[in-house]
Amino acid sequence: MAGSSLEVPFYANPDNTLCFQAALRMVRKYFPPAEAYSWAQLDAITAKADDIGTWPFAGLTWLCDHGFDVRNIE
């Protein structure tokens, strides 16, 4: 809606390697059913590995599997 704003909770990126997880955490905290996820859970959802980083496609696929209509815009 034009001129409206959403009250989406903000989660800071705690160590500069979790930006995708922080965005995913905000989405899942805002949209019903509102759920809270730990950083470790979000790492697993996004297939994050210390040596190669995050795989955003894994997180986007997970969102689709949970009923979200996903559009990836970069």
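**Figure 1. Packing of helix 1 against helix 3 in the predicted model.** Helix 1 and helix 3 (residues 56–65) pack with their axes 11 Å apart and at an angle of about 10°. Because angles under 35 degrees count as roughly parallel, helix 1 is roughly parallel to helix 3. The model shown in this and the following views is predicted. On the helix 1 side, the contact is made by Phe 20, Leu 24, Val 27 and Arg 28, which meet Pro 56, Gly 59, Leu 60, Trp 62 and Leu 63 of helix 3. By residue class, this contact of helix 1 with helix 3 divides into 7 nonpolar, 1 polar and 1 charged.

Figure 2. Gln 21 belongs to helix 1, which covers residues 19–30. Its relative accessibility is 0%, and Gln 21 therefore counts as buried, the cut-off being under 20%. The side chain of Gln 21 forms a polar contact of 3.2 Å with the side chain of Asp 43. Apart from neighbours within four places in sequence, the residues in contact with Gln 21 are Trp 39, Leu 42, Asp 43, Thr 46, Lys 48 and Thr 54.

**Figure 3. The largest nonpolar core.** This core comprises 7 residues: Leu 24, Tyr 37, Leu 42, Ile 45, Trp 62, Leu 63 and Phe 68. Two or more of its residues come from each of helix 2 (39–45) and helix 3. Phe 68, a member of the core, touches Val 27, Arg 28, Phe 31 and Leu 63 when residues up to four places away in sequence are not counted.

**Figure 4. Buried face and end of helix 3.** Ala 58, Gly 59, Leu 60, Trp 62 and Leu 63 are the buried residues of helix 3. These buried residues pack against both helix 1 and helix 2. Trp 62 and Leu 63 also belong to the largest nonpolar core, and both take part in the contact with helix 1. After helix 3 comes Gly 67, which has a positive phi, near 90°.

**Figure 5. The chain as the setting for the close-up views.** The chain contains 3 helices and 0 strands, and its elements run α-α-α from the N terminus on. Taken along the principal axes, its C-alpha atoms fill a box of roughly 40 × 25 × 25 Å. Of the 74 residues in the chain, 23% are buried. Among contacts between residues at least 6 apart in sequence, 34% join residues at least 24 apart.

Conventions: Residues numbered from 1 in each chain as written. Predicted model: local features only at pLDDT ≥ 70, side-chain atom pairs only at ≥ 80, totals over all residues. Heavy atoms only, no water. Helix = DSSP H or I, 4+ residues; strand = E, 2+ residues; numbered from the N terminus. Buried < 20%, exposed > 50% of the residue type's maximum accessible area, 1.4 Å probe, protein only. Polar contact = N/O pair within 3.5 Å; in protein donor to acceptor, adjacent residues only side chain to side chain. Contact = heavy atoms within 4.5 Å. Axes fitted to C-alpha atoms, helices over the stretch in contact; angles between N-to-C directions. Parallel < 35°, antiparallel > 145°, perpendicular 65-115°, else oblique. Nonpolar A, V, L, I, M, F, W, Y, C, P; charged D, E, K, R; others polar. Core = buried A, V, L, I, M, F, W, Y, C linked by side-chain atoms within 4.5 Å.
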